[in-house]
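Dear colleague,

I am handing over the structure we spoke about, and I would be grateful if you could look through it alongside the notes that follow.

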Amino acid sequence: MDLRCLRVAAAAASLGAVLCILAWCSAGTITEDLSAGRRLADLATRGSARGPGHWRRIGPGLPIHGKGSGDCTGCRKPVQSHDSRSMSLVDCQSWVTAGCPNALGQLQGCPDANALGYRVGSRSGEEHLCRAWLCEDAPGWTGDISWNCYLLTGNNSLSTSLRPPSTSRAPSGSRTSSTTPSTSSSATSLGSTSSSSTSSSSTTSSTTSRRSTTPDPSPALPHCYEHPNITYSLDWRAQGRAFFDDWAFLLNDYNNGASEYLNHPDAVADRVVEAYETHAIIRTGPRGRRLKRKSVKIASHRTWKYGLMGMRFSHVPWGCGLWPAFWTHAPGFPWPEGGELDMLEYVNDIPSQTSFHTGMSNRCQLAGSVINPPFCPVMPDMNGMNYDCTTRYPLQLGCAVNKLPLMSPYQWAHFPSVILVEWTPRFMKVFVIPEREIPADIQADAPRPNTWDHWLVAYYPFARSNEIFPSTCPNPQDVMKPQQLVLQINFCGDWAGKVWPLSGSCVNRVGPHFPLQCRAVDPLLDRRPGALEEDCCTKFIYDADGTYGTEQYLAERAFFNISWVKVWNPVR
């Protein structure tokens, strides 16, 4: 463990902060930048290399800064290297060939990788990121001049089995093309708007052909979860060029964030929302009012009680200062008396987790013995509330039932998936299904969630908990009032701002220096006029004079790329 970790932990103000810091240190968040790349290269020389081969550059780019063709498209299983300032292209190639030893947050490495993306950078000194890919088709390139894609060819490589693309993929050149990411899995965004711009008939056809190999749904685990005999039919969807037609654009921010939420016409004018035939984009916008940046918060006009709700995406926002969320809300009821489910929510580099919130009138404490029966996947309460979903900040946080491990925001952004919640009078289940594994029943709009246990990530058994322990969840069928779906990108505020010093990829890596030039402000506790002028997160997000490069930083990271949002009603 880095000695700096111990020093930071020793200076922490609470035991919880100490544990968080030490955990991040153990995961390698705080690294020696100048030697990490060389250490990875050294590991590569001792790794399980597949044998000699040749790395062929895809596209017309050059291996110097600002002259690349873009990262690889049409590939999957991204594995990220350490953020090392000394990892050369040769180091990167050796590391991937060796199977990605010591990969950041991915202990399995990349034993099957046959392509890589290397960041040549827009300017000198930015050459540092290395990303491994597994490509089943010959990869294309994204048009992002700060990256290059390389394919491994020759002996013992996997490239001999690749199917060539039906047409060549041209790089994006204009601002319009570089900010309209495709929702196809073959054109999955790789962390930048320009790196997700590829959209062609070849990528569509290759995606379609791979869908035919989608595995059958996994068998249910009847002893672990309830499986009611419910079928579902499609009731509502947001998709295509009409994606935003049935959403309300909300303007209020109840989280004291740095967002200036826009109405629909202004959001279109500022290109914060864009709808295409195949996908929709929700992104952050330019600076707005003082200490604010433009964004959107949209809520479905309709509400539902019970059903199956979900979103298919190829990219979600990630990065410092960001607070994206996909959640449900009960309009017309004081929060949290109407209930709230957070399906996807995170800030900075903190992993996303599902969470559920009730008030006193709809109080509900779940039974851990029901959630975690013997020989079933363990799902702890990540909020540490002993599965008590009653919420009254700052002491009562609500319950957060989640299967481990959790995924970081970066991993979510590079993990095209469908996220769904099934809500019945007895329970809620949350599923995350990788795009490559989407079952045929979803594609046919005839979903059968009883067969999705393999993809279950959260289970909230309201009724069964109350049956085992009476009066702990006394009204399970009404623990949530009719809910609307909400999508938003917020900044800083009650969460992302106050935890800035604990976000290892943010503090003193982007924005002003902490604590010399800023401090972490909790707006719920510090309401002094001008307090947010000193907040590290707010100063970075607003970036008054462009000192921190926030515009480019957000353009590369801060956007949703959504294929559809759908709701299916139960039909017995």
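In this predicted model, an open sheet is built from 5 strands, arranged in the order E1-E5-E3-E4-E2 and paired in the antiparallel sense. The edges are taken by strand E1 (54–58) and strand E2 (72–80), and because each of these has a single partner strand, one side of each is left without a neighbour in the sheet. From one strand to the next, the twist averages 35°. Helix H4 (residues 89–97) lies across E1, E2, E3, strand E4 (130–141) and E5, and its direction is at about 150° to that of E3.

Another element that I looked at is helix H14 (550–557), whose buried residues are Thr550, Tyr553, Leu554, Glu556 and Arg557. These residues cover an arc of only 160° around the axis, which means that they sit on the same side of H14. As background, an α-helix has 3.6 residues a turn, so residues three or four places apart point the same way. As for what this buried set packs against, the partners are strand E3 (115–119), strand E11 (293–295), strand E13 (307–315), strand E14 (322–329), H13 and strand E23 (559–571).

His315 belongs to strand E13, and it counts as buried because its relative accessibility is 0%, against a cut-off of under 20%. A polar atom of the His315 side chain lies 2.8 Å from the backbone oxygen of Phe559.

Ala544, for its part, is placed in the loop between helix H13 (536–542) and helix H14. The C-alpha atoms of Ala544 and Leu291 are 8.0 Å apart in space, although the two residues are 253 residues apart in sequence.

Terms used: Residues numbered from 1 in each chain as written. Predicted model: local features only at pLDDT ≥ 70, side-chain atom pairs only at ≥ 80, totals over all residues. Heavy atoms only, no water. Helix = DSSP H or I, 4+ residues; strand = E, 2+ residues; numbered from the N terminus. Buried < 20%, exposed > 50% of the residue type's maximum accessible area, 1.4 Å probe, protein only. Arc of directions from axis to C-beta. Contact = heavy atoms within 4.5 Å. Polar contact = N/O pair within 3.5 Å; in protein donor to acceptor, adjacent residues only side chain to side chain. Pairing = 2+ DSSP bridges. Axes fitted to C-alpha atoms, helices over the stretch in contact; angles between N-to-C directions.
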